[in-house]
Amino acid sequence: MTLFGFCFDSTPDGITGGHDLTLVLLSFIVATIASYSALDMSSRWRASEDAKGAFWLPMAGLTLGAGIWSMHFIAMTAFDVPFEQGYDPALTLLSGVIAIAAVTAGLTVLGKTPSWQRLIGAGSIVGAGVAAMHYMGMRALIVPAEVVYRPGLFTLSILIALAAATAALWLALKVDRISHRVIAALIMAIAICGMHFTGMSGTALSARPEMPEAVTVVSKGLLAALVAVGVS
């Protein structure tokens, strides 16, 4: 079954792939740093009482959104399959814009005087944005294979994104010490990575030799390092 350009199959025969554990760890570190920075910036924004404090809201959205996107990209370079991988630059950029816009919009909806209704609304926006970023990033993947998704794990990854985003925003309201912020950042990073790898576990690549192979200019490891350094 194909829906909105995505191919779904409950029992696809996919190509077996693994993950480079070094890059997986790097993706988690980037997600943690981005989460910590965004929590700090959102705290500064809520504590501000003048117009100058508004600077921290878009910065928090940019930091966390870009961090989520970078975590996804690095984790994708960690994905090891027996053929070359490339990425459509326009779709890759669009996936980053989606993540940043969703996080910024979610923080705006949450506001400085949040309620449970605002929290749920903001969490839904951010979660939907994170899921859209992930699967737009998957659309950007160029490989000589058809990408097929298992419906159950596809749905679970979206539910994890929604729950994780809501929990992350709730944590953002609770942290008031550095130690609390570190713990919250670690929890957020685990949630972000959990969504990504759940989605990847529900993804299968069906070989299509007639499709052109992607051409990579630099190694996946170097690409991952450049993104990590640039965001961090």
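Is R181 buried or exposed in this structure? R181 counts as buried, its relative accessibility being 9%, where buried stands for under 20% relative accessible area, exposed for over 50% and partly exposed for what lies in between, with a 1.4 Å probe and protein chains only.

The model is a predicted one, in which local features need pLDDT of at least 70 and side-chain atom pairs count only at pLDDT 80 or more, while totals for chains, interfaces and linings use all residues. Residues are numbered from 1 along each chain as its sequence is written, and side-chain values use heavy atoms, with hydrogens and water left out.

**Salt bridges**

Side chains of opposite charge can pair when their charged atoms come close. A salt bridge is a side-chain nitrogen of Lys or Arg within 4 Å of a carboxyl oxygen of Asp or Glu, and by this rule the count comes to two.

| Salt bridge | N to O distance |
|---|---|
| R44 and D40 | 2.9 Å |
| D40 and R181 | 3.3 Å |

The second pair in the table links distant parts of the chain, since D40 lies in helix α1 and R181 in helix α6 (residues 178–201), 141 residues apart. R44 and D40, in contrast, are four residues apart in helix α1 (residues 21–47), and therefore about one helical turn separates them. R44 is partly exposed, with a relative accessible area of 42%. Together, D40, R44 and R181 are linked in a network of salt bridges. Helices here are DSSP runs of H or I with at least four residues, strands are runs of E with at least two, and both are numbered from the N terminus.

**Two packed helices**

Helix α2 (residues 56–78) packs against helix α4 (residues 116–139) at an angle of about 35°, and their axes are 10 Å apart; the axes are lines fitted to C-alpha atoms over the stretch in contact, with angles running from 0 to 180 degrees between N-to-C directions. From α2 the contact (heavy atoms within 4.5 Å) takes in I68, W69, H72 and M76, and from α4 it takes in V130, M133, H134, G137 and M138.

**The nonpolar core**

A nonpolar core is a set of buried Ala, Val, Leu, Ile, Met, Phe, Trp, Tyr and Cys residues joined through side-chain atoms within 4.5 Å. The largest one has 53 residues, and M138, Y149 and L205 are those with the most contacts inside it. Helix α2 gives the most to this core, with nine residues. Leaving aside residues up to four places away in sequence, M138 touches H72, M76, V147, Y149, M200 and T203.
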